[in-house]
Amino acid sequence: MIITELCTGLTYTVSDDTVCVGDEVILDATSTLGGTITWDGGVTNGVAFTPPAGSNTYTATSSEPSDCEQTVTIFVGEIPTVDAGANQDVCEGDSTFVTAAGTATDYSWDGGITNGVYFIPPSGTTTYTVTGTIDSTGCEATDMMDITVVVPDVSITATGTMLTCNQAGATYQWIDCHDMTPISGETNQSFTPNVDGDY
């Protein structure tokens, strides 16, 4: 049996053959015979470029006629859409939950919370970040949402005999602290009692 080498293979490296949209790739081929390498598809040998989504095939040729062509396939995965949901306001001590949506196959939240599981957020405003990942490609994206714990101001300012709740923009019900009963009709921010008492 006689084996005849029809051409000389190129030496080449690929920075990564499976990437995500927006990632850069470097194709670098070398001719052992000293040929100059040219890639198709607008790729420059040894220079980073950003391939489009899908399966992309690139071929390197050499100026040396005895060199073989070299073909490389790069798969570029889509970036998932990830929506953390609308910002939330919750009352102090109340529980809530978060549910991310999009085209990812897996969602992971920071801050020790889990998608769809109730938790009690800490006081103040906390920003949570969710990372959505497509398991088959590893491509991921993130989104953020704020959860604000609202603590009503229940302090009262007295101006003469008029009492005013310091929390604006709320609904109100004044009560008689003697027996903790609501005072009929007193649902405004301010209340002027007719008799002495605790309110």
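Predicted model: local features only at pLDDT ≥ 70, side-chain atom pairs only at ≥ 80, totals over all residues.
**Thr131 and its surroundings**

Next I checked Thr131 against Trp109: the two are 22 residues apart along the chain, and their C-alpha atoms are separated by 6.4 Å.

**The largest nonpolar core**

Trp109 came up again here. Which members of the largest nonpolar core touch the most other members? I found Val98, Trp109, Tyr128, Val130, Met145 and Ile147, out of 16 residues. The elements giving two or more residues to this core are strands S10 (106-109), S11 (124-133) and S12 (140-150). S12 gives the most, with four residues.

I then picked Val98 and listed its contacts, again not counting residues up to four places away in sequence. Val98 touches Gln88, Trp109, Ile113, Thr114, Asn115, Gly116, Phe119, Met145 and Ile147. Apart from this core I found another one of 14 residues, including Leu10, Val25, Leu27 and Ile37.

**A three-stranded sheet**

My last stop was an open sheet of three strands, ordered S13-S14-S17, with antiparallel pairing. Why do S13 and S17 each have one side left without a neighbour in the sheet? Strand S13 (156-159) and strand S17 (190-191) stand at the edges and each has a single partner strand, so one side of each has no neighbour there. I looked at S13 and S14 (residues 162-165) too: four bridges join this antiparallel pair. Opposite Ile156 I found Cys165 in S14.

Conventions
Residues numbered from 1 in each chain as written. Heavy atoms only, no water. Core = buried A, V, L, I, M, F, W, Y, C linked by side-chain atoms within 4.5 Å. Buried < 20%, exposed > 50% of the residue type's maximum accessible area, 1.4 Å probe, protein only. Contact = heavy atoms within 4.5 Å. Pairing = 2+ DSSP bridges.
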